[in-house]
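Dear colleague,

Please find below the structure that I am handing over to you.

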Amino acid sequence: MEQGRRRRSSFGPMSSTIPCLLLLLFCLSGSAEAYKNYTVGDSLGWFGNTEKSNVNYQKWADSKEFSLGDFLIFNTDTNHSVVQTYNFTTYKECDYDDAQDKDTTQWSAADPSNTQTHPVTVSVPLVKEGMTYFFSGDYDGDQCKSGQHFKINVTYGQGLPKSLKSPEDAPSPASSVAGDDESAPDTIVPSNFSHPKEESDDDKASDSDKQKSSSSISISMYAQLHIVLLGILLFLF
């Protein structure tokens, strides 16, 4: 009887490793996350409270987690603008007239003089950590003051993808302007879009090799963990 007690007690430290191994396995299974696209306002789009009385962009933003490399997709029209700034004063005043180019970007310019409006989809990449502010600054800031604004905190996440690290590679407000110089930028992307431009064959080959290598490492680690867990379970039972 005493020998049996000693035998069972000797398994205590061994059995305590099982939860740790299971936790490690769980962490590994969720370690690879893709960059995300967030449709601002979901089905309500990017409009002021005068048009969509039940929209609350800050509430929408507070329910999300944003990281470098993610995209915000603004579904709006040519009567609303998309202004991104890192300057809280600019955001608070709903006015970007005196803003500096280095901290404020107008991705889509509204045209209040045009009586005919058409839908516009604007994609904005998140390329800087920390607080980032968005608003529509047209009609002397009335759209912004009517609820068309929100702020987010951008975390590092996986870091910037290769296609967003170089300034010349990143999308810009003027990169997709059609028509005359005063046309509003219209950047349209599919729902599964996560990189702003096509990669070269060399880049694709390199990324493919990295993915294969990463997959092989992951499979190997999973196999080793499963073998260890199986061995422990067989030893205990």
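Two strands are taken to pair if DSSP finds at least two bridges between them; strands (E, at least two residues) and helices (H or I, at least four) are DSSP runs, numbered from the N terminus. The model is predicted, so local features need pLDDT of at least 70 and side-chain atom pairs count only at pLDDT 80 or more, while totals for chains, interfaces and linings use all residues. Residues are numbered from 1 along each chain as its sequence is written, and side-chain values use heavy atoms, with hydrogens and water left out.

Five strands form an open sheet with mixed pairing, in the order S2-S8-S7-S4-S5. Strands S2 (66-67) and S5 (104-108) are at its edges; each has a single partner strand, so one side of each lacks a neighbour in the sheet. Strand S7 (residues 130-135) runs antiparallel to strand S8 (residues 149-155), with six bridges joining them. Within this pair, Tyr133 stands opposite Lys151 of S8, and Phe134 stands opposite Phe150 of S8. Strand S4 (residues 82-85) is also antiparallel to S7, through three bridges, and Gln84 has Phe134 of S7 as its bridge partner.

An open sheet of three strands, again with mixed pairing, has the order S1-S3-S6. Its neighbouring strands are turned by 25° against each other on average, direction ignored (axes are lines fitted to C-alpha atoms, for helices over the stretch in contact, and angles run from 0 to 180 degrees between N-to-C directions). S1 and strand S3 (residues 71-77) run parallel and are joined by three bridges; the partner of Thr39 in S3 is Ile73.

Finally, helix H5 (residues 88-93) contains Glu93.

Yours sincerely
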